[in-house]
Number of protein chains: 2
Amino acid sequence: MKHIDSFLGGIYSSLVNSLMLFEKPRKEIFKSNYQPAERPRGHNLLPAKNGEEPTMQFLLEIVEILTSYIRKTFDRSTKVLDFHHPHQLLEGMEGFNLELSDQPESLEQILVDCRDTLKYGVRTGHPRFFNQLSTGLDIVGLAGEWLTSTANTNMFTYEIAPVFVLMEQLTLKKMREIIGWPNGEGDGIFSPGGAISNMYSVMIARYKFFPEVKTKGMAAAPRLILFTSEHSHYSIKKASAALGFGTENLILLNTDERGRVIPADLEAKVIAAKQKGYVPMYVNATAGTTVYGAFDPINEIADICEKYNMWLHVDGAWGGGLLMSRKHRYKLNGVQRANSVTWNPHKMMGVPLQCSAILVRERGLLQGCNSMCAGYLFQPDKQYDVTYDTGDKAIQCGRHVDIFKFWLMWKAKGTVGFEQHIDNCLDLSAYLYNKIKNREGFEMVFNEEHTNVCFWYIPPSLRSLPDGRERRERLHKVAPKIKAMMMESGTTMVGYQPQGDKVNFFRMVISNPAATRSDIDFLIEEIERLGHDL
Amino acid sequence: MKHIDSFLGGIYSSLVNSLMLFEKPRKEIFKSNYQPAERPRGHNLLPAKNGEEPTMQFLLEIVEILTSYIRKTFDRSTKVLDFHHPHQLLEGMEGFNLELSDQPESLEQILVDCRDTLKYGVRTGHPRFFNQLSTGLDIVGLAGEWLTSTANTNMFTYEIAPVFVLMEQLTLKKMREIIGWPNGEGDGIFSPGGAISNMYSVMIARYKFFPEVKTKGMAAAPRLILFTSEHSHYSIKKASAALGFGTENLILLNTDERGRVIPADLEAKVIAAKQKGYVPMYVNATAGTTVYGAFDPINEIADICEKYNMWLHVDGAWGGGLLMSRKHRYKLNGVQRANSVTWNPHKMMGVPLQCSAILVRERGLLQGCNSMCAGYLFQPDKQYDVTYDTGDKAIQCGRHVDIFKFWLMWKAKGTVGFEQHIDNCLDLSAYLYNKIKNREGFEMVFNEEHTNVCFWYIPPSLRSLPDGRERRERLHKVAPKIKAMMMESGTTMVGYQPQGDKVNFFRMVISNPAATRSDIDFLIEEIERLGHDL
């Protein structure tokens, strides 16, 4: 038990004492029970005979490793990551060998592998991890995932996931109520991420207007045109390629300086498409773009969609969480006019990965679009009400249980708890925005406080350079250099990217419930420290 | 601590004693720390100040619930399920209320909710659960999932999932070696289930032959025809609908009495399609059909694919696991000639859900087909070798870490351990087949021992009836009735379905490592007991 942490030492030494009641030294249980000749499968874990004891011991050792990791994750004196290059990890780190072999390893080695996997990973729950839209580690959500893995079932039928299927239905209804659809009517499903949820929206829209495509293919439809912001998520483009529309038939819409779609540009492009004889079919309005955090004007876009009979999808993968906040939900005004909405609780709401919903206003479309009525799975002659067998609505067959952790967090926090979390995140963004907007060495990409704060850090050596090609080229290299140093020192992580004609800038997003103002301060000071001499 | 089990009583009472070291009675920690006014988010779990202690305590209580569930799952005296109808669960069961509310619940209630969620669910790891292709609960795999949830990261970049990205690459290479592609060259990705893996195969095939569809849509291609067995998985049909081919352009192939594609039928249909001016593009050969467990003759199909320049996909979602067995892998002879292979370790190999791979022989196609080069995620100017950022190959953006549990199980079992597991499963199938093939009251759907054993139980009242409409109609109702009684008594679970003109029959599949001959005996006796008086 070399890896016991001081904090839990009390718990675990008691635990070990009680394991002694089993009257076998653990070394023996973990090492000697492996008898290659008879049991090449190795180890006496369940379902092996007398497997209870080693199983419980093994799982408790795993839990020791995990709880130790969790405590350190929330401790600011721990690094966010211990960076190594791919070739270093591939060559093997002191006893950590990624290669798979023919023969089993001992459970002792498995425990070491688990520790090392965590050691060389990235602590996405660390208070100073700001790198992605999904950050943080909610303890109740985590418990929910542990239970989900233990239940190890599949969402396709009520038969094998009765409780989870009902939880999904109730939670989707609640989400639809929050969107503002009357009585929460409509449909929906949890999917493996926002990209797939967005793909669903395009499929359903096509089915609504051209149901014959399901059987006859795209040849049965005229040339169909999709519209989305030039700042929108690349999954809309992926969907247009995958589903047979072609990326050239996805028209990108111009945005204002703040990254919001300009409705007049949409209307002009719709008219232009119609003049060519094409059929404008689908518009995606983004609620919270990936880089700027922009909210497209849904009401004005909805007016145009109604006028030209187009499907309106709102991609609220990132910004959908704002619907939980009475203070901030106005950013999505008009969302109830959407035909479908993507909303990822695993982003701003802090639910563990993955948890994404596609919500549809009209009931029956999901089913109509995707059902194939496989007799071996969706038997009509079961003893219970088979309308609860919702699997045939999905493009998946087996479907991971993504609902439970979300449902459990909702129980534990209440709607008000999610609201407070969203409000906190936006307060911190405002704090950051106000902190740096006039700070020497910082330049904002746009001026408006919001979910995302985008900025350049200008090292002293560039501050006196006039705007022009040289300054731009040098500035473009600043964020990647600072990011690389951050990762190598392991102190914090934040994303950067170029956008359009704007050279690399930092994009700061806050969804981490562990982050505080002091962490924001730390990030800014760290950027200054690392970037000062560039 | 009402729910302590006798076995773990020793451990947990010691645990509770050591928690007392924290000098706060647990009731106080769990109940009184909730102060609605200041902390509507509820509870003092991390990242709350002084949150370590309640966090550790809460997680250990969760682990107590889960380990107790695990032990009972492997105990044959425990029921497989405690069946309730949807309306019963929706109405609420003694303190278990599925509705979400605005205000938070206490952590005590959260623990109760977790217990109840498991109580009203289905024990898919129970030795007598045979209902799906995915059964069993591997302890090392489970530990891997717990760690995965704790790491809570995303597969799109090396930057935030360095270890997992490398594990995925090494494991996919190993799988390609086992398929038999030279040096394990090629490509692949883990996807959210076999249906999506199959969808990938169709997309990639289309990209290989008609890359312009990515940008111009299906209009840029001639009428493309796909072929698959009439017994194949419905996901091929779902893919043909979703991707814009149309289900009418998916031609179903006739099968022999054993459910295997008849190669001559494929060739005839290819020629017929060509004569109409269509382009035969893609053939799916199934290695292990869902109902019969049939293996299509891959070599003969590959000959036809080569002759007519078609993509050959092998859907080994179910049967792919046989590749691990030197004794049984001959069933997939010719698989190395496939252009792509679906292989779900979460089925016969017993990896927890979900874990499905799509493997592709030609490198670069996955990337070419799906990449959209989103600058905010896949920056080319990072400090490490960005060829390890594999996310742009996927149709997903965020992607759940499905690799770790599989990698960890492979470490713990070795290749030989998987082989032994597969051999055991097939031995048990053979045992069942031989047990009932001449048993009174049983009739085989086909005669050949294999992964799947399909049979009718004929109650005494039907045994003397001549074959004909009445017998068929009555027999059709037997399996559903027995299944309903099984579920209500909770003793075991097995699937049934009709197939073609065959009325409802039982489909027995064995992937559960906990199952033994005595469980097979139990199943048969239970069917006889429940069905005797029908």
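Me: How many residue pairs are in polar contact between domain 2 of chain A and domain 3 of chain A, both at pLDDT 80 or more?
Reply: This is a predicted model, in which local features need pLDDT of at least 70, side-chain atom pairs count only at pLDDT 80 or more, and totals for chains, interfaces and linings use all residues. Residues are numbered from 1 along each chain as its sequence is written, chains are lettered from A and ligands numbered from 1 in the order in which they are written, and side-chain values use heavy atoms, with hydrogens and water left out. A polar contact is a pair of N or O atoms within 3.5 Å; within protein, one must be able to donate a hydrogen and the other to accept it, and residues adjacent in sequence count only if both atoms are side-chain atoms. Between domain 2 of chain A and domain 3 of chain A, the number of such pairs is 10.

Me: Which residue forms a salt bridge with E448(A)?
Reply: A salt bridge is a side-chain nitrogen of Lys or Arg within 4 Å of a carboxyl oxygen of Asp or Glu. Domain 2 of chain A and domain 3 of chain A have 5 salt bridges between them. For E448(A), the closest N and O atoms lie 3.7 Å apart, and the partner is R260(A).

Me: What area is buried between domain 2 of chain A and domain 3 of chain A?
Reply: An automatic or database domain assignment supplies the bounds, placing domain 2 at 154-400 and domain 3 at 412-531 of chain A. In contact (heavy atoms within 4.5 Å) are 25 residues of domain 2 and 23 residues of domain 3 of chain A. Buried area is the accessible area (1.4 Å probe) that two parts lose on being put together, summed over both. Carbon and sulfur atoms give 57% of the total, which is about 2,100 Å².

Me: Which residue of chain B forms a salt bridge with E159(A)?
Reply: Chain A and chain B bury about 14,700 Å² between them, and the count between these chains is 10 salt bridges. In the one that involves E159(A), the closest N and O atoms are 2.4 Å apart, and the partner is K483(B).

Me: Which residue of chain A comes closest to the rotation axis?
Reply: Superposed by least squares on the C-alpha atoms of residues with pLDDT of at least 70 in both copies, chain A can be laid on chain B with an RMSD of 0.0 Å by a turn of 180° and a shift of 0.0 Å along the axis. The two copies are therefore related as by a two-fold rotation axis. At 2.0 Å (C-alpha), the residue of chain A closest to this axis is L243(A).
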